[in-house]
Amino acid sequence: MTTTMKRIFNIGAVCLTMAAATLMTSCSDQFIEDKKNYSQQSSEIYDYYSGANGRLNECYRITLPNIQARGSQIWQYNSIGMADDHSQSTEEYRTFGIFVNPQVEMNTVNGTSGAPGYFGSSWTRIREINETIAGIQKGSLSDDEKNELLGQAYFLRAWCYYLLFRYYGAVPIITEVQEPVPESVTPWSSAKEVYEFICTELDNSAEMLRKKTIESSWSANDWGRVTTGTCLALKHRMMILWASPLFNRANDKSRWTAAYETIKKELPTINACGYGLANENDPGKNGSGWAKMFLQIVGNPEAVFVSCYNKYTPDLTPDYQRNNLWEQQIRPANALGSGGKKPTDMIVDLFPMKDGKRPSTYDSYTKLEASSIAYDAEHPFMNRDPRFYRTFAFPGEYWRFDGDPNTGTSANPYTGDKYILWNYVWYNDKANYNNPMNGDHFGADNLFTNVQGIYIRKFSDDFDVNPSKNYNYHIDGKNVGFRECMTSTMEIRYAEVLLNLAEAACQTGNMSEAVDILKRIRARAGYTSENNYGLSANLSSDEAACMAAILYERQIEFAYEGKRFEDMRRWLLFDGGKDFAAAGCKALTGWGGNTCTYLGFKPFVGQRRDEFVFRLQDKYNYSDGTSGRTWPFNKGDNVEARDKTNPDPIIKLMTRAERDAYAVDLSETIVKQPLEDQLNKLKEFYDTYLTRKKLKGDAYDSNNTPLTMTWHPRYYLWGLSQGEQIANPELPQTVGWEDYYHNGSNGTYDPLAE
């Protein structure tokens, strides 16, 4: 491969270890400070453990998924729930991602929209890891020390190859440090060869780490390092991917059998590493047990493959500050957050009802039973899956935190941890009341134009769930709001380990076993056996319905965790895979030639995603152009006197206390009523004052006609971008993509050929 090595090292930037949760920082100071710049040292550093470990730590730093990418879909980071090109091609976020844009088709030769281009840059990491592996192998450490370090390094290399494999299928396999000269070119290896290589790497890693992570275990100061269980879990994900329609077009059942038998056999080993469903026997109130697992750090049994963060500030520890930015980004502006993240109407409307069934209005997964509970889009919070309330936040809901947002004109009137989200909106022009193209509205409680109709709440460090918060809350200075957060992010959760087994069980005819796993996942969310955990009755006898239930469960359980795009790709949910042959790609002959038909899933193409707000009913809006855009107040002002100038029409009708009496408290500790009673009361408020308004999400054309999503069959497996083809002239272009060296004609290399 004709790529050069980038030698960039930030001392201690990776945070892999976690100290006690009571500390102000989440990482071991000593572990981070021990990270010296080893990238340009002599080979002698591999003769002592701290030197070799320093090089390995650099490999972790450049390899681990990192939420600090702020949603930029770049080569180094896989999707982790931000509004990146991947998530914008699913139900989770609106705005056409590059894969579903109906106005621009990606191409690989001088196009207005190039191919993703993750290929070329990935090799810098692989080269760094190869260099580290070679150094450790040649060094004079003991066999136990070498195994401990090499087991981690092999895993990180396998992870890098996995990221390439799932997009390109075939890639060159490079396991040695190569000189950047033309003679170093390595040809393609087929998808099958790459798959087998990655699985072998992970088996070797698992065995090397067995003594350290099964017979013993990492200390708390090394929390977050790879274990035998991590290696096996990634291998199991690989096996499911290899057996799925993306790579297994003929539905070769032997692949599913291999996955099923392997996962079932190795699950006890994963358990022996300390992994399991967090809070499995403690669902808590209204999904609180499920929500709490995202806030647990050291020793979290759910965290099979984890990225860790700390609370360090740039002024005190600039070299190894690594903060989780999610809490700051999802919180509303009047709580000193960054303004919040907004979901689509599609994902809000598709979450299950409280009986566990899909809403009858959701016209997908039609092989699953529809709920007998009528879905009311005007009140989407009524009668929903417990995870709904921990994934989204809507007007009239306590969203508590440890801090005081009442700090000036950009703040809200609440103090302490009693923050209530009131994000309904009003208008000052009657023409805009029902115009989806116009979002010139004003939000309550000083949100004004910086308001979302409904907020993403997933992973939030809710005060009622975690009173020993993972963040520092600032009211002054440069780092305002929910800064220095140490909440971990989980790339592989134990729930995925189980659902991978469920998928393999389903596809090998062991549907009852798959159903039992679904029951465990749903029991943790709060469902019970009284109604069969909300599952359809036919799952044990109908393979397609069982598979649909697994994918639906994954969609809900892993919402905003960066998993949906990959599930949609591997099960061909954009178009069912029906057009492969016409596009010159290997045809889908399994699953009846169309996975969407098989699953009862409505193809994603031809649909669009919009947003919505809850606006005041017509009679409460302004219509004369006056709205009171500004509402200046200061901390310490008399609230009653201040509200006399409040432009909020609701506050002109009632006192703040009267309005706040409608607010819903998920913990049921402030409002000492069952959630159902609280929701019914909030519904009364909506019925009296609010209505749901649609807002434009995905684009409209020049004639203001709503556009719908598209997808091209070749997008399932990517080709090399023009720049990557120029850098790698010996590698033939993937079938279906434009070949730079042949005047833009279709590529000829089939990554699925054996």
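## A walk through the structure

E557 is buried, with a relative accessible area of 0%. Keep in mind as we go that this is a predicted model. E557 belongs to helix 15 and R387 to helix 12 (residues 386-391), so the pair ties together parts that lie 170 residues apart in sequence.

Across the whole structure, a search turns up 60 salt bridges.

Let's look at two others.

R714 forms a salt bridge with E105, and their closest N and O atoms are 3.2 Å apart. Here distant parts of the chain are linked: R714 sits in the loop between strand 12 (690-695) and helix 21, while E105 sits in the loop between helix 2 and helix 3 (119-138), 609 residues apart. How do the two partners stand in terms of accessibility? R714 counts as buried because its relative accessibility is 9%. E105, at 37% relative accessibility, counts as partly exposed, because that label covers values between the 20% limit for buried and the 50% limit for exposed.

Next, the helices. Two packed helices are described by the angle between their axes and the distance between the axes. Take helix 15 again, this time with helix 13. The axes of helix 13 (residues 494-507) and helix 15 (residues 543-557) come within 9 Å and cross at roughly 165°. So helix 13 is roughly antiparallel to helix 15, because angles over 145 degrees get that name. The crossing of these two, helix 13 and helix 15, is left-handed.

Helix 2 (residues 49-63) packs with helix 4 (residues 143-168) at an angle of about 15°, and their axes are 10 Å apart. Which way do helix 2 and helix 4 run relative to each other, parallel or antiparallel? They are roughly parallel, because angles under 35 degrees count that way. Helix 2 passes helix 4 in a left-handed crossing.

L267, for instance, is found in helix 8. L267 is buried, with a relative accessible area of 13%. L267 and L501 are 234 residues apart in sequence, and 8.9 Å lies between their C-alpha atoms. T595 gives another example, in helix 17 (residues 595-599). Its relative accessible area is 0%, so T595 is buried. From T595 to K578 it is 17 residues in sequence and 8.2 Å in space, C-alpha to C-alpha.

A couple of loop residues deserve a look for their backbone angles. Most residues other than glycine have a negative phi. N279 has a positive phi of about 55°, although it is not a glycine. You'll find N279 in the loop between helix 8 (253-272) and helix 9 (288-292). F459 is another residue other than glycine with a positive phi, near 70°. F459 lies in the loop between strand 7 (455-456) and strand 8 (472-474). Is F459 buried or exposed? F459 counts as buried, because its relative accessibility is 18% and the limit is 20%.

Let's finish on the outside. I726, Y740 and Y741 form a nonpolar patch on the surface, and together they have about 280 Å² of accessible area. Y741 lies in the segment after helix 21 (722-727). With a relative accessible area of 40%, Y741 is partly exposed. That value also clears the cut-off for patches, because patch residues need over 30% relative accessible area.

Terms used:
Residues are numbered from 1 along each chain as its sequence is written. This is a predicted model: local features need pLDDT of at least 70, side-chain atom pairs count only at pLDDT 80 or more; totals for chains, interfaces and linings use all residues. Side-chain values use heavy atoms; hydrogens and water are left out. Patches are made of residues with over 30% relative accessible area and no salt bridge: like charges are joined within 9 Å, nonpolar side chains (Val, Leu, Ile, Met, Phe, Trp, Tyr) within 5 Å. Accessible areas come from the Shrake-Rupley method with a 1.4 Å probe; for residues, only the protein chains shown count as cover. A salt bridge is a side-chain nitrogen of Lys or Arg within 4 Å of a carboxyl oxygen of Asp or Glu. Helices (H or I, at least four residues) and strands (E, at least two) are DSSP runs, numbered from the N terminus. Buried means under 20% relative accessible area, exposed over 50%, partly exposed in between (1.4 Å probe, protein chains only). Axes are lines fitted to C-alpha atoms, for helices over the stretch in contact, and angles run from 0 to 180 degrees between N-to-C directions. Angles under 35 degrees count as roughly parallel, over 145 as roughly antiparallel, 65 to 115 as roughly perpendicular and the rest as oblique. A crossing is left-handed if the near helix is turned anticlockwise from the far one by less than a right angle, and right-handed if clockwise.
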